[in-house]
Amino acid sequence: MAVISGVGAGVEGVQASVAALGALDAISVLDREDAFLASGIAVGPGVDVLRRRYEIRLERLELTARLEAQLAAMKARDAAEAVGFQQAMTPPDASVQDRTYAEMSAVEEIAGVLTVSSAAAGALVEQSRKICSLPPVFQALSAGAMSWQHARIVADETEGLDQAGAAALVAHFFDPDAPHPARGAAPGELVPSRFRAKVRAWRERHHPETLQKRHAKGVTDRRMEYTPDRDGMAWVSLYLPGDTACAIWNRTTATARGLQGPNEPRTITQLRPDIAASLLLGSASEPGKVPTPRADVLVMVPVFSLLGLTDEPATLDGLGPIPASMARKLVADGADSFYRVLVDPRDGAPLEIGRKNYRLTETIKRWIRMRDGKCTFPGCTNGTPDNDTDHLQSWEHGGTTGASNLAQLCPKHHRLKHHTQWTPEPATEDRSPGWTSPTGRHYKPEHPHPEPTHWPPGILPAETIVAAMSVDAPQWQQLLADMPDWADPPPEDPPGQNLLEPGELCPTDPLWEDFYAQPFILPPDPLQELGSAGITNVLPAPERLAARPVSNDGY
């Protein structure tokens, strides 16, 4: 274990933050006009004192967050070093058992000092060791450039990687001089959940073990859990293959959106569980029963992966990386609501959308969805099925309907944009817009970071691949010409199916009874599908059933 030194630098950083915070606190404690004069801030007819007080509070919050991160770095270093010193005091000839008990004793001491449980202290020690062994991560935390949550995410996502793999992941996100550094917002500028999504996506692509094999192990652990809660409530959760879970969420959301109206008092958050319970219990008397609308989901598949020449992961809109076999199945089966998007093997950019005959507006909407990946407002994690494609500069003020003037916004932030001074900057074909707050703070855009896809070994010599990177190269043109002509997905409104808008039928229409009288068809066993794909000898992992994963990322 490498333990970071530099205690003096860490203390100096904390002292600087405390001094800056104290200067602002001195102003806010007096909170009068003479306080502003004493601090050198001119007060006169042109100065909005209330606005200045508001800005000072924001500055204090920013400094407090930096100070919390710096203190977390000191805490992590001290926890890791405390256990290290305890190990150093253990006699060299001590048995493994004695060394184990010595470390347990140190963990218990830390638990007592911090007044936390032994399990929490043990987790802190393990996370601290990992963070201290990754110098760029520890330095960013010590400088207050990111929070403890961000650092812990790196520790979590490097678990299971060897030293070289962990170093490559850290360099990608923290070293601007790395061969292919992450673009867009810095780690500390992303909310923890979005940072985890970006780190996990990179890890899935570069993990030494294929996603297909790891997914096969995960499928054996699928389960439903029931957890009683207070106030007469309870939780029911499903652990499922990602495409199935994503389809359930998107269809439930689409149905809830269709039910909303002036005569529906429930929020979309309340409608989702009501709809799910109604469909699972199959009671005709339950409210909220409507034919399920189509949920439009994009599947971005590398060309060679779809051809079966590589096992590079695809990306499912709203979920993230999925195994290549899952993507091939979605495309081959013509699954409703899933639209194939081929990925250029030269640079990872989208090649084309599955449907050939889109209306212009639908083509643009899907292109913007591929570019943005989520609501573009700073910190928002709202997935694409809920979002609107909004003009950054309004149509009536000369805004055009092009990629540079369009972006995804969830309904909440769509309204906020039109009623406040939050201002987006122009986008580009491959970059989402950044934002400026009413107080002038700028937030960099977060956007997907496509990478060149994996080329099958032996398909082309290395020099031919380099030459084929040119758009007009004959090798590349021939490769595109030789690709099969995959069938398009079914039309948006296939005749004879119950894919209706909820408002098209009144609640008393007899079609409802016919619809819910249809038998429930149990989905196929995912393990059988994996077996047909050549994945065998997949055994359950009982240790992974012991604890339900809980997210502490604040989302």
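Which residues are linked in a network of salt bridges? In this predicted model, the network links Arg51, Arg52, Glu55 and Glu59. Residue numbers start from 1 along each chain as its sequence is written, and side-chain values rest on heavy atoms, with hydrogens and water left out. Because the model is predicted, local features need pLDDT of at least 70 and side-chain atom pairs count only at pLDDT 80 or more, while totals for chains, interfaces and linings use all residues.

A salt bridge here is a side-chain nitrogen of Lys or Arg within 4 Å of a carboxyl oxygen of Asp or Glu, and the structure holds 20 of them. (Helices, H or I of at least four residues, and strands, E of at least two, are DSSP runs numbered from the N terminus.)

Another salt bridge joins the side chains of arginine 129 and glutamate 103 (3.1 Å, N to O). Arginine 129 lies in helix H5 (residues 118-132) and glutamate 103 in helix H4 (residues 96-114), so this pair ties together parts 26 residues apart in sequence. Arginine 129 is buried, at 16% relative accessible area, whereas glutamate 103 is partly exposed at 22%; buried means under 20%, exposed over 50% and partly exposed in between (1.4 Å probe, protein chains only). Arginine 371 and aspartate 372 also form a salt bridge, with their closest N and O atoms 2.7 Å apart. Here arginine 371 is buried at 6% relative accessible area, and aspartate 372 is buried at 4%.

Helix H3 returns in the second largest pocket, where it gives the largest share of the lining, eight residues. This pocket holds about 1,200 Å³ of space. Of its 39 lining residues, the closest to the centre are Glu62, Ala65, Gly188, Glu189 and Tyr443. (On a 1 Å grid over the protein atoms alone, a pocket is an open set of points where a 1.4 Å probe fits, with protein on both sides within 12 Å along at least five of seven lines; lining residues have an atom within 4 Å of a point.) By class, the lining has 20 nonpolar, ten polar and nine charged residues.

On the surface, Met224, Tyr226, Val236, Leu238, Leu240 and Ile248 form a nonpolar patch. Such patches join nonpolar side chains (Val, Leu, Ile, Met, Phe, Trp, Tyr) within 5 Å, from residues with over 30% relative accessible area and no salt bridge. Methionine 224, found in strand S1, is exposed at 54%.

Key:
Patches are made of residues with over 30% relative accessible area and no salt bridge: like charges are joined within 9 Å, nonpolar side chains (Val, Leu, Ile, Met, Phe, Trp, Tyr) within 5 Å. Accessible areas come from the Shrake-Rupley method with a 1.4 Å probe; for residues, only the protein chains shown count as cover. Grid points are joined across faces, edges and corners, and a volume is the space filled by probe spheres set on the points. Ala, Val, Leu, Ile, Met, Phe, Trp, Tyr, Cys and Pro count as nonpolar, Asp, Glu, Lys and Arg as charged, and the others, Gly among them, as polar.
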